[in-house]
Amino acid sequence: MTLFIVFGAIALGAALAMIFQRNSIYAALLLVLNLLCVAVLFLSLGAEFLFASQIIVYAGAIVILFLFVIMLLGVDRTEILTEPHSFQTRQIVIGGISALVLIGAIAPVLTSKTLSAKLPAVAKDFGTPQAIGGVLFQTYLLPFELTGLLLLVATIGILMLAKRKPK
């Protein structure tokens, strides 16, 4: 339980710091910290395969891809500071409304008695490659394929943006 509390707090702190970080490189590194903490939480649940997958796929490949794209596009800190003030105000208003909606949705769950109830026993095959493969390639095959297509289109879009003509 202590392991969960410590790494859960670190993951939550890294996620909040990532949201409020103005430097995109630091935000990507905080994302790595968050994903590593989530991997430790998987390990504490006894899901060794998910632990390894979390580190290899997310903390390794995806975030490195984010860093590569950030450096490829050459996002400067001066671009953030020169944005129109009305655009930043609009972002704050939309973010505040979204936060209120999320808090309103979470509040009934946090006050319910089911939250303090004892959790059911974990299935014997929880976190095994067979169980994950069965769910991923049978139940959720279409969303899995659409996500792959979306990532491919995003990668092509990033490469086209990177090839833009200099001013």
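Leaving aside its neighbours within four places in sequence, which residues is Asn 34 in contact with?

1. Basis of the note. This is a predicted model, in which local features need pLDDT of at least 70 and side-chain atom pairs count only at pLDDT 80 or more, while totals for chains, interfaces and linings use all residues. Residues are numbered from 1 along each chain as its sequence is written, and side-chain values use heavy atoms, with hydrogens and water left out.

2. Asn 34. Beyond the neighbours within four places in sequence, Asn 34 is in contact (heavy atoms within 4.5 Å) with Ala 11, Ala 14 and Ala 15. Asn 34 belongs to helix α2, and it counts as buried because its relative accessibility is 11%, where buried means under 20% relative accessible area, exposed over 50% and partly exposed in between, with a 1.4 Å probe and protein chains only.

3. Overall fold. The protein has 7 helices and 0 strands, taken as DSSP runs numbered from the N terminus (helices H or I, at least four residues; strands E, at least two). Buried residues make up 14% of the 167 residues, and of the contacts with a separation of 6 or more, 59% are between residues 24 or more positions apart.

4. Leu 35, apart from its neighbours within four places in sequence, is in contact with Gln 54, Tyr 58, Ala 59 and Val 63.

5. Largest pocket. A pocket here is an open set of points on a 1 Å grid over the protein atoms alone, where a 1.4 Å probe fits, with protein on both sides within 12 Å along at least five of seven lines, and lining residues have an atom within 4 Å of a point. The largest pocket holds about 770 Å³ of space, a volume being the space filled by probe spheres set on the points, which are joined across faces, edges and corners. Its lining has 23 residues, with Val 57, Tyr 58, Ile 62, Phe 144 and Leu 151 nearest the centre, and α3 supplies the largest share, 10 residues.
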